[in-house]
Structures are given as C-alpha cells and as structure tokens.
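Hi everyone, thanks for coming. I'd like to walk you through one protein model today, so please have a look at it while I talk.

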Amino acid sequence: MPRTETTPGIEAATPQTRLRWWTEVPLILLVYACYSAGRLLARGDTSSAVDHGVTILHIEKFLHINAEHPLNRLFTREAWLGVPADFWYASLHYLVTPAILVWLFRSRAVHYRAARTWLMTSTFIGLIGFTLLPTCPPRLLSAGHGFVDTMAQYSSYGWWGGEASAPRGLGGMTNQYAAMPSLHVGWALWCGVMLWRYGRTRTTKAAAVAYPLLTTIVVMGTANHYFLDAVAGAAVMGVGLVLTPYVMRGADGIRERLSLGAGGAQVAGSSIVSGGCQTSAGERIPRQRESRTGSGAEPGASPTDAGEGAPAAAR
C-alpha cells in the first residue's frame, strides 16, 4: 500500500477531508485580520519596549552574535544592497507566503491542511510574543547605539515612509514595537520547509534554503530585527509545528460534534412516513413481501408457491 509522505510532526489531511477555496480564502483572511488587529492593539509601553530592545542588544554583544551591526552599516553604505533589501522586507512576505499556500492547495492538496494549520498556529503564538514582550527594533533605538533606519534612508525609492514598511501616512496603523519574535523569518522558514519538502526540482530546493537565509540577513541589515528576534521566529515555528497535530485533532473533534448535533436535530425533526410499519430483509417499502406472497402464504415462500390461482401442494 503506498505511503503518504508527511512533514515530521504534522499529519496530512485524510482523503475524505476535502477543502474548498471559497472557505479557505475567508478563513485565511480572517486569521490575518485577527493577527493584524491584535498586533496593532498589543502596543506596550514605549519605555518598556526600548528597555527590552537594549537588553537584547546587550545579550548579543556579550555572546558576540550582534551581526546586525555590520550588516546595517553595509546596507546603509551600499544603496544597491539597501534598496532591494527594503523592497524585500516590505513586500515579499505578503507575496511568497500566499503563493506557496495556493501552490500547496492546488498541487499538494493532501498536505495543505496540515501546512496551513502550522502557519496559523505559529502566527498566533507570535502574536502572544508581541503582547507579552513589546520590543523596540534596532532602527528605533537612539543614535548612540549605531543603527540607521534604511527604510527611512531609502524611502524615496519605495512606497513606505519612515515608520516601518507601512505606506506613507499609514505608519500610525502599525505596531512598530512588535520585533520579538520576527515572523518575517518565521514565515520565510515555513516557506522554505514547504519548498524543500514538496518541491521536485533543484531550483525549489535552492530557493528553500536561500529564502529564509536571505530574509534573516535582510531583517537585520535593515535594522528591523535583532539576531535573537530571528532565532525566536524560528523557535515559534518549531512550537507551532509540535502543536499542529493537536490543533488539527481539536478542530476535527469540534467539527464532528457540530455535525452530530446537526444530524440529531434533523432526525428529531423528521416526520414519520411509514405509519408504524417496518421493512424486513428484501423489502424496499413496508408490507411489500405481504403484497407479493398473499395473506395466507408463508413468509419464506416464493411468489409461485403461494398466490391466487396457485395449485395446492401435493400431500
């Protein structure tokens, strides 16, 4: 019997689970709207966010892993690197992630539900991180910390202003202190796993490695995230991967209870059409056998053995 290849930790959708795009699209949009609204509402105290950012920076310096400093200086000095990096940061997670979801839905349908659940579960975990640990990104720290906001420096090249990657004039509609964890990195890692696991060509395998790696470099070079933000983004995806089977089973249980409840209501509300009659084996309607055999025939007799005009059996 052929085996279905699955990503470790997540289950493929069962064959009888058939998903429709007109239910998937509203679901994904609803989840993203909840994420965006929650991210916006989870604005912590600015001073606490700055303290958290400085603490993370001190930890990185102590461990000698503050790679964002040399990368930011490079992106600031070299516009041919900084400008594409800003476009990458501002747009690709809105394009690549949905594109891979569509690809899975159309071409790898048996794996789609588990992959989508993994992505959504990890996103909600990230939202919890934004709420509990508001963090000032490197670009918003005081100039003495040595960071330059490349999004502001190269804002004339794109649609964004000096407030994150939001379009000009809409910076107030985003939470700029939602740096920990980096879901830019988390979502890119998810995309990489999907491409590596279900891609069939060397190009997709190379993209699977390059996309999350380059995204990690971009978020640090543009001074939008610390290295530890990227590590936390990968950790969030790991926790989401572990929780995915439980989330799927919970959703299946809820769906089963709802369907049983609807079925019970339908049975309770159905009208009685048999008038108390019951069918027996071989009958499609009540009293079918009686009408075929006659009132005096034995139940096991055939129509030729008992009926009007049939000769009496020899004794």
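**A walk through the helices**

Let's start with Met248, which is buried, with a relative accessible area of 3%. You'll find Met248 in helix H9. Now look across to Arg113: its C-alpha atom is separated from that of Met248 by 8.6 Å, although the two residues are 135 apart along the chain. Please keep in mind that this is a predicted model.

Let me step back for the overview. The protein has 10 helices and 0 strands. Read from the N terminus, the elements run α-α-α-α-α-α-α-α-α-α. Of the 315 residues, 39% are buried.

Next, helix H5, which covers residues 109-132. Those 24 residues reach 36 Å from the first C-alpha to the last, close to the expected 34 Å. Is H5 enclosed or open? Within H5, 17 of the 24 residues are buried, so this helix is largely enclosed by the rest of the structure.

Now for some charges. Side chains of opposite charge can pair when their charged atoms come close. How many salt bridges does a search of the whole structure find? The search gives 3.

Let's take Asp252 and Arg113 to begin with. They form a salt bridge, with their closest N and O atoms 2.8 Å apart. This pair links distant parts of the chain, because Asp252 is in helix H9 and Arg113 is in helix H5, 139 residues apart. Arg113 is buried, with a relative accessible area of 5%, while Asp252 is partly exposed at 30%.

Another salt bridge joins Asp149 and Arg139, with 3.4 Å between the closest N and O atoms. Both residues sit in the loop between H5 and helix H6, 10 residues apart. Asp149 counts as buried at 12% relative accessibility, and Arg139 counts as buried too, at 7%.

Then there is Glu78 with Arg77, whose side chains meet in a salt bridge at 3.7 Å, N to O. Here Glu78 is partly exposed, with a relative accessible area of 26%, and Arg77 is exposed at 57%.

On to the rings. The structure holds 3 aromatic pairs. One of them is Phe105 with Tyr112: the ring centres are 5.1 Å apart and the planes are at 85 degrees, so the pair is edge-to-face. Tyr112 is buried, with a relative accessible area of 2%, whereas Phe105 is partly exposed at 24%. Tyr154 and Tyr157 are also an edge-to-face pair, with 6.0 Å centre to centre and 70 degrees between the planes. Tyr154 is buried, at 5% relative accessible area.

Lys205 lies over the face of Trp196, at 4.9 Å from the ring centre. Arg249 lies over the face of Tyr246, at 5.1 Å from the ring centre.

Val242 lies in helix H9, residues 227-269, and is exposed, with a relative accessible area of 54%.

So helix H9 holds both the buried Met248 and the exposed Val242.

Key: Residues are numbered from 1 along each chain as its sequence is written. This is a predicted model: local features need pLDDT of at least 70, side-chain atom pairs count only at pLDDT 80 or more; totals for chains, interfaces and linings use all residues. Side-chain values use heavy atoms; hydrogens and water are left out. Helices (H or I, at least four residues) and strands (E, at least two) are DSSP runs, numbered from the N terminus. Buried means under 20% relative accessible area, exposed over 50%, partly exposed in between (1.4 Å probe, protein chains only). Rings of Phe, Tyr and Trp (its six-membered ring) pair if their centres lie within 6.5 Å; planes under 30 degrees apart count as stacked, over 60 as edge-to-face and the rest as tilted. A charge sits over a ring if NZ of Lys or CZ of Arg is within 6 Å of the ring centre and within 35 degrees of the ring normal. The expected span of a helix is 1.5 Å times one less than its number of residues. A salt bridge is a side-chain nitrogen of Lys or Arg within 4 Å of a carboxyl oxygen of Asp or Glu.
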